[in-house]
Amino acid sequence: MKAGNFELPRYLDRIAYRDEARPDLASVTGIMRQHLRTVPFENLDVQAGKSVSLVPEDIVEKIVHRRRGGYCYEVNGLLAMALAALGVEYRFVGCRPMTYSARRPRTHMAILARLDDEEWLCDVGFGSYGLRAPIRLNGTGAVEQDDDVFELLSQDGREYVLRAQVEGDWANQYCFDLAHHEWVDFMPANWLNSTHPETLFTQHRIVMRQTPEGRVILFDNRLKTIAHGTTTTRHVTEDELPALLAETFGLEPTA
């Protein structure tokens, strides 16, 4: 995954990553954390009726140069560019979201990166209960990441399920297998997510950013703040929205 206008130093500045960037687990963990805290998961273009471009240069222009966010294909695509620039071996995987009441197609994108001679699941684009750091593909047991707890399960070494503890109970987030996906394979899913009238992204405004204490989520006009396991919510008026997007998420809604 490459773009002619991608520059690793400028990307690292965009996410406020100040340490040395190396092709190892420690650096990628730090980069992933900073990305999640500075680049919001958001679907404002979809809500505005705009097409979501998967042209790599357009992704860089939107997120790095214009300091916007994006949804899974955009933000994970940008992370893949950084991995490529670092010399990290990686591959895309297609994931089936499991947070819906009905079975869904494999419309989510995540990354498997080879770090310190092992494969790790990396994902900066799943929204509310997504990972906060890489998780080892063949690890065992629950993994604490800040105040969140995750588990990556597999019964046969081919199909994997990512689970998160949500309000004290395990909740499946998505599943995937090890089939290699190319960038072009996600174009139909991107079209579906950004245009179909029954998808979550066309029906609802979603903006999410992780914080050191938890995460802050805007769902339509409801703002949810999760800090150290405590959740508070409040209603946001349309008049408040521009200031909220700018101050809480670092976004301009029409940028």
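**Notebook: sheet, helix pair, pockets**

I started with the sheet: eight strands make an open one, ordered β5-β4-β3-β2-β9-β8-β7-β6, with antiparallel pairing. My strands (E, at least two residues) and helices (H or I, at least four) are DSSP runs numbered from the N terminus, and two strands pair if DSSP finds at least two bridges between them. I'm on a predicted model, where local features need pLDDT of at least 70, side-chain atom pairs count only at pLDDT 80 or more, and totals for chains, interfaces and linings use all residues. Residues are numbered from 1 along each chain as its sequence is written, and side-chain values use heavy atoms, with hydrogens and water left out.

Next I checked the edges: β5 (135-136) and β6 (143-145) each pair on one side only. β2 (residues 89-97) and β9 (residues 169-177) are antiparallel partners over three bridges. I looked up Cys95 too, and its bridge partner in β9 is Phe176.

Then the helices. I find the axes of α4 (residues 56-65) and α5 within 10 Å, crossing at roughly 100°; axes here are lines fitted to C-alpha atoms, for helices over the stretch in contact, with angles from 0 to 180 degrees between N-to-C directions. The two are therefore roughly perpendicular (65 to 115 degrees). Contact means heavy atoms within 4.5 Å, and among the residues meeting there are Ile59 and Ile63 from α4, Leu78 and Met81 from α5.

Last, I looked at what β9 does elsewhere: β9 gives three residues to the lining of the largest pocket, the largest share.

How values were computed:
Parallel < 35°, antiparallel > 145°, perpendicular 65-115°, else oblique.
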